[in-house]
Amino acid sequence: MEIPFAEAWKIKMIEPIRKSSREEREKWLKDANYNVFQLKADQVYIDCLTDSGTGAMSDRQWAALMMGDESYAGARSFYELKDTITEITGFEFVIPTHQGRAAENVLFSYLVKAGDIVPGNSHFDTTKGHIESRKAFAVDCTVDIAKDTQLEAPFKGNVDIKKLEKVLSENADKIPFIIVTITNNTAGGQPVSMENLREVKKIADKYGKRVIFDSARFAENAYFIKMREEGYKDKTIKEICREMFSYADGMTMSAKKDGLVNMGGFIATRWEDWYEGAKAFVIPFEGYLTYGGMNGRDMAALAVGLKENTEFDMLETRIHQLEFLASLLDEYGIPYQRPVGGHAVFIDASKVLTKIPKEEFPAQTLTVELYKEAGIRGCEIGYILADRDPVTRENRFGGLDFVRLAIPRRTYTDNHMKVIAAALKNVYDRRNEITRGVEIVWEAELMRHFTVKLRPLS
């Protein structure tokens, strides 16, 4: 008999969660203006809003936490973190920040100016927000196959090299850098191949440009390279990571994902001029150079988390749970971005709620329906998150309209995945009865999805 798959860890601590009634959930949604970000965590049964900072730390991370050095300047914990980052990435210069968007804010304050153009593969919300808030423009160069959610292709997060070269050839003087998100979150948690990273770097060198990786889920990207790309099956995750980063000049990192911590981030680069430029902004925005918005104990835990999550067994367990959830959705015929990504299942709302026009935000409507069904909180990664065009101020309906079910690391069991799938099936089975969506009552100018106020149209 074949031995079944099991987790690469055992449970040492639990946190109780509670169910609620549909009547309670409908009231809570109304009070939250139908924006699930505004729900209280205690009102959520299974929380798939994000995988950012929501994972469980290991016993070794908790031990490191107690050994953290809280010195304001020159803390031992910083040097432990810096050495770990350099070992994994090869980048010599490291600046800690309190999270990924802070890293973007610091580095982009130095690199991005009004009128600039920043090409990349489906810039995520904070990345695009930090570019557009500086009156610059984010240009999406993702491969077209990413839009075909039912197509099985191994690297749907790739940069389209022809699109990238077109942008560079027409606007080289306005481009401060190229950004590649690994994995590509907005496209459905899809990985980028090593071959594609190599090609991006080759084009960048041709035009004298540098490359930044948005690296929140770099370890998961390395896992997919190992499993899907020829020539890497016998490589370790750490070896693959080192090669990936050899094709970049710098990185921003939300350590709350693949760093396995609840708060933290950093900038790392091989270029001293970028380091010196960013230093001028990290001190007023974040803190001194050797803590940059992080406690010493969090830096110590992050150093351990980066080591743990660049081991194959940890990543295999993580990805297997996503694949298990996706297999249940396959049984029920529920469409999602295929193949399943590394941190979330992205439900294709446009293929589920077919009677709702895009102007009524199908993915947000599906997010609301899923919460009402079973207290499961997902996140709209679609037309609301896309914000308005910075010039025309029209809604941007050209992308994909997903409900992202992000799975926290080392947190839920496969039984929770069964609950998620069953709740989705119940909504899917009555999809033809859902004929009206939601409308925006109030919105912020940038990154509106966090605070938007909505009302149902039915």
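Contact here means heavy atoms within 4.5 Å. Keep that cut-off in mind as we walk through this structure, which is a predicted model.

Let's start with Thr365, which sits in helix H14, residues 362-374. Is Thr365 buried or exposed? Its relative accessibility is 4%, and since buried means under 20%, Thr365 counts as buried. So what surrounds it? If you skip the neighbours within four places in sequence, Thr365 is in contact with Leu353, Ile356 and Glu360, and also with Ile434, Arg436, Gly437 and Val438.

The largest nonpolar core has 56 residues. Within this core, the residues with the most contacts are Val180, Leu197, Phe213, Phe218, Met244 and Leu306. Helix H8, residues 218-228, supplies the largest share of the core, with 6 residues.

Next, some helix packing. Two packed helices are described by the angle between their axes and the distance between the axes. Take helix H3 (residues 76-89) and helix H11 (residues 296-308): their axes come within 8 Å and cross at roughly 25 degrees. Angles under 35 degrees count as roughly parallel, so H3 and H11 are roughly parallel to each other. The crossing of H3 past H11 is left-handed. On the H3 side, the residues that meet H11 are Ser77, Phe78, Glu80, Leu81, Thr84, Ile85 and Ile88. From H11 come Gly296, Met299, Ala300, Leu302, Ala303, Leu306 and Lys307. Sorted by class, this contact has 9 nonpolar, 3 polar and 2 charged residues.

A second pair is helix H4 (residues 100-111) with helix H5 (residues 125-132). What is the crossing angle of H4 and H5? The axes cross at roughly 25 degrees and come within 10 Å, and H4 and H5 are therefore roughly parallel to each other. Their crossing is right-handed. Arg101, Glu104, Asn105 and Phe108 in H4 meet Thr126, Thr127, His130 and Ile131 in H5. The residues of this contact divide into 2 nonpolar, 4 polar and 2 charged.

Stay with H5 for a moment. How many of the residues of H5 are buried? The count is 8 of the 8, so H5 is largely enclosed by the rest of the structure. That list runs through Asp125, Thr126, Thr127, Lys128, Gly129, His130, Ile131 and Glu132. The cover over these residues includes H4, along with strand S3 (117-120), strand S4 (137-140), strand S5 (178-181) and strand S6 (211-214).

Last stop: Lys201, found in helix H7, residues 194-206. With 13% relative accessibility, Lys201 counts as buried. Which residues does Lys201 contact, leaving aside its neighbours within four places in sequence? They are Val211, Tyr247 and Asp249. As for Lys162, Lys201 is 39 residues from it in sequence and 13 Å from it in space, C-alpha to C-alpha.

Technical notes:
Residues numbered from 1 in each chain as written. Predicted model: local features only at pLDDT ≥ 70, side-chain atom pairs only at ≥ 80, totals over all residues. Heavy atoms only, no water. Helix = DSSP H or I, 4+ residues; strand = E, 2+ residues; numbered from the N terminus. Buried < 20%, exposed > 50% of the residue type's maximum accessible area, 1.4 Å probe, protein only. Core = buried A, V, L, I, M, F, W, Y, C linked by side-chain atoms within 4.5 Å. Axes fitted to C-alpha atoms, helices over the stretch in contact; angles between N-to-C directions. Parallel < 35°, antiparallel > 145°, perpendicular 65-115°, else oblique. Left-handed = near helix turned anticlockwise from the far one by under 90°. Nonpolar A, V, L, I, M, F, W, Y, C, P; charged D, E, K, R; others polar.
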